[in-house]
Amino acid sequence: MEDKINQSRIRPIRQMLLEMAVGNFSYRIQRSTADDEVESLILLLNMVAEELKSSFSHLSYVNPHNSYSSYVQASFILDSNWIVKKISTDVSILLGYSPKTIYGAAFEIILSEESAVSWNNIKEKLSNNCNYSENLELVFVSQKQLLVPAFCTVCRFMDSSKILISLVTTVVTTVVTTAVKDNVIDDDTSAAPVISRKESVYRLSDAQLIQQVYDYILIHIDSPLPNLKELSHIFGTNEYKLKYGFKHLFKTSIYQFYNVERLKKAHLLIENTGIPLKEIAAMTGFINYPNFSKAFRKSYGYAPNKIIRKQ
């Protein structure tokens, strides 16, 4: 059973590498809650793809092999119940689903969890205002379980209850040919979009934000650690992403990291200076000496006053 699970996680990695090999950096891999080498590789691939896509954006998508089509526009038409009724050809090219798979399905089933939340907010606004329109980035989940970020315009047709969703993204011509052959002509109707949604850290900007939290903790190691809500407010993110993003990147919780680092600093100060132990406790963010002594003993197996001081 475990081998089958690992194979299902490795399959998108292989697909991602094939996409990147032909110059397509638009896809991402859906993250999971696992904490292992496979998950670390997924994070690395997503970060590399983000970096390469940014580089190509800076170069206006100039590719020496002329395989990069600058922009592709795809469209969905939904009815008043938010069900997909029509799609343009490029939807199948970008996401890999056959038209028969998508027709009659709720639009949100091909969105990542985070984007599904945004979509629900848009639905509410469209229901209350028939003239409402929105421009935003949505993240789609392809048939091969890769994430596809795209900038979308959402609006109603005039004098109609139908909704138009138009998206713009990039695509590689060699990938287009493969996608059409494998997923549209063959019309694999069994490939229904079954999506395991997990909020995750898959963008370079997310990883950079978590790194800033890491640096913040080290700089403020002599102060009590703000709680998760306060930290998320400081860095303009949500508690979930902060908590699980830090765990994914550094294999430890925020509080465990903070505690280990301040005890390391305390150990060095005790060993190499003559500063009184109570002052060292305060310098490493402890409210009082008894709490410091208890945490120190738990971590090192001996009390602070048992260390032979060099000063």
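In the predicted model, the secondary structure of the protein chain consists of 12 helices and six strands. The chain has 311 residues, of which 43% are buried. Among contacts with a separation of 6 or more, 62% are between residues 24 or more positions apart in the chain.

α9 contains 12 residues, and the distance from its first C-alpha to its last is 16 Å, close to the 16 Å expected at 1.5 Å a residue. Its buried residues are Lys241, Leu242, Gly245, Phe246 and His248. These residues lie on the same side of α9, because the arc they cover around the axis is only 165°. In general, an α-helix has 3.6 residues a turn, so residues three or four places apart point the same way.

A contact between two helices was also examined. Helix α10 comprises residues 254-272 and helix α12 residues 289-300; their axes come within 11 Å and cross at roughly 95°. Angles of 65 to 115 degrees count as roughly perpendicular, and α10 and α12 are therefore roughly perpendicular to each other. On the α10 side, the residues that meet α12 are Leu263, Lys264, Ala266, His267 and Ile270. On the α12 side, the partners are Phe292, Ala295, Phe296, Ser299 and Tyr300. Classified by residue type, this contact of α10 with α12 includes seven nonpolar residues, two polar residues and one charged residue.

How values were computed: Residues numbered from 1 in each chain as written. Predicted model: local features only at pLDDT ≥ 70, side-chain atom pairs only at ≥ 80, totals over all residues. Heavy atoms only, no water. Axes fitted to C-alpha atoms, helices over the stretch in contact; angles between N-to-C directions. Helix = DSSP H or I, 4+ residues; strand = E, 2+ residues; numbered from the N terminus. Parallel < 35°, antiparallel > 145°, perpendicular 65-115°, else oblique. Contact = heavy atoms within 4.5 Å. Nonpolar A, V, L, I, M, F, W, Y, C, P; charged D, E, K, R; others polar. Expected span 1.5 Å × (residues − 1). Buried < 20%, exposed > 50% of the residue type's maximum accessible area, 1.4 Å probe, protein only. Arc of directions from axis to C-beta.
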